[in-house]
Amino acid sequence: MECRILSIQSHVVRGYVGNKSATFPLQVLGFEVDSINSVQFSNHTGYAHWKGQVLTAEELNVLYEGIKLNKVNQYDYILTGYSRDISFLEVVVDIIQELKKASPSLVYVCDPVMGDNGAMYVPENLLPVYKNKVVPLADILTPNQFEAELLTGKKINTEEDAVKVMDLLHEMGPETVVLTSTDLRSKNGDQFLVALGSQKIKNPDGTSTSQKISLDIPKVDAVFVGTGDLFAAMLLAWTHHHPKDLKTACEKTASVMHHVIKRTITYANEMAGPGKKPSPAQLELRMVQSKADIENPSIAVKAKVIEKTSDQKL
Amino acid sequence: MECRVLSIQSHVVRGYVGNKSASFPLQVLGFEVDSINSVQFSNHTGYSHWKGQVLTADELHVLYEGIKLNNVHQYDYVLTGYTRDTSFLEMVVDIIQELKRANPNLVYVCDPVLGDHGSMYVPQNLYPVYKNKVVPVADIITPNQFEAELLTGKNISSQKDAVEVMDLLHAMGPDTVVITSSDLPPRLGDRFLVSLGSQRHVRPDGTRVTQRVRIEVPKVDAVFVGTGDLFAAMLLAWTHHYPNDLKTACEKTFSVMHHVIQRTISYAHELAGPGRRPSPPQLELRMIQSKADIEDPAIVTEATVIS
């Protein structure tokens, strides 16, 4: 498989977020990963302390220029995640537009990281950049419920709302949308959270195929960092192998997440000791130890098709 | 296996040198790799163009401070390679000394990158820093012949010379020395090059024993970049699994190198086309594609124990 990804994300010396979270699993699955590190921090910002340096928009441009001058700016995928800087994000947009001109079949996988649980945790002025410039370029989008509501201006209270919001997101650009987590009630009870996915693919003959799925994902009583980054990377990988089968792609992605998270929480609890809450350092994803699950995830989460249509050509 | 490596090397957006060359194979072998990127360049400097930014000694210190403040500065190994900056290298030494105080069992694997084929390709003022500060804190070093001669002030014209040079290097600090390549005449013919290794350890009864090995590896008609970084990383891994058996550690390390290089040169020639010399981008190591060989290298080179 010759498949090259450009991933523009954070680097942490220790731990698994951003490029540290995305690169190893993609490489293990055989993808060539070119990585531009948007920051270099000692560790993620959930620890008691963190220190490091950020890449400016200008420096990002310089790195891209180097790739371009050598004529090696051909990519099959681009992957982006957490960003805090508008000018940086805007240079990312410029780069993606140029890369898409160079390879029209390039797939941009975008995690539109803005916030969660009702509050933004990036500067507010990133929202218009995501809404007007980034999302329109994206092919695969992985918002959580809050981000999906923010981008579309529509609240999600029912599964029907979620379906409408995903359709609104399709209209903004991406053919594939996965709501990575929602507050919707799971039929399996409150130990589960509901995720949904939607794919609306335009076929060469003008018709479109659409599939909508939902997944019940076991909740885990801990705060993990880097899981969103791992999710987007694995969704890239599994939609690559199952481009028209969102159900299977999501089952594999959610299953990898499940195995990694389970291994992580078990180890973290071991390290913390009985009755003690694990620390951020102890909760770092057990990425390297999960290699076998990453390579070949046994299905631990099943998806349900909730809507499947093929338009009739008029 | 709970084994954490701190690797302080370059990062390139595209390709496999420095941390890009060392991290994936170590992770694939189950090591936790914390990586401090000493530079971020678009690609290695053998391409027609390269662009990027360097980390200053101060910025390196800041990153280390972050790790220290969180009390997570416990490492089993430190790994360093190509550096161009004296103050950066001196900060690296300070960090290693502190880490060794925190963990006296820490093993520092050092590739003393100074030059090759008779000339230095780093600033000359790095030489005294390596000689007087870096090598003395190293436990495993992987100099080529030129670097070994430079560090010891002794020329290598025979295997006997090489053994003496390795003993001189042991006296400077490291218990494990591998001369990764030399001009010594191979017994297997001129399609091979000679590498040597030496490991010194103290037996339970207090006596000191030195195991020396000689390996002949097939030459490849191409210039690869990042192979030295991969070598040091894999020597770290295989000496970890065979701490008292340099022969086996070297056989595995040189065998991995062989598989990766063969895969790379085949692919490069395919891309370049018949009769054409492959370009630097085409010669990037086929690292990802070599995962199985990295995990479990079939032994293709045998090391001979020499006295």
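Trainee: How many salt bridges does the rule find across the interface of chain B and chain A?

Mentor: Bear in mind that this is a predicted model. To read a salt bridge, look for a side-chain nitrogen of Lys or Arg within 4 Å of a carboxyl oxygen of Asp or Glu; across the interface of chain B and chain A the rule finds 6 of them. One salt bridge joins the side chains of Lys291(A) and Glu295(B), at 2.5 Å from N to O.

Trainee: Which element gives the most residues to the side of chain B that touches chain A?

Mentor: That is β2(B), with 8 residues, and among the other elements that give two or more are β1, α1 and α9 of chain B. By residue type, this side of chain B divides into 19 nonpolar, 16 polar and 12 charged residues.

Trainee: What is the area buried between chain B and chain A?

Mentor: The area is about 4,000 Å², and carbon and sulfur atoms give 52% of it. In chain B, the residues that lose the most area to chain A are Val13(B), Arg14(B) and Gln27(B), which together make up 14% of what that side buries.

Trainee: How do β1(B) and β2(B) run, parallel or antiparallel?

Mentor: Strands of a sheet pair through backbone hydrogen bonds, in either a parallel or an antiparallel way. Here β1(B) and β2(B) run parallel and are joined by 8 bridges, and Gln9(B) stands opposite Asn37(B) in β2(B). Both strands belong to an open sheet of 10 strands with mixed pairing, whose edge strands are β3 and β12 of chain B.

Note on methods. Residues numbered from 1 in each chain as written. Chains lettered and ligands numbered in written order. Predicted model: local features only at pLDDT ≥ 70, side-chain atom pairs only at ≥ 80, totals over all residues. Heavy atoms only, no water. Buried area = accessible area lost by both parts, 1.4 Å probe. Helix = DSSP H or I, 4+ residues; strand = E, 2+ residues; numbered from the N terminus. Nonpolar A, V, L, I, M, F, W, Y, C, P; charged D, E, K, R; others polar. Pairing = 2+ DSSP bridges.
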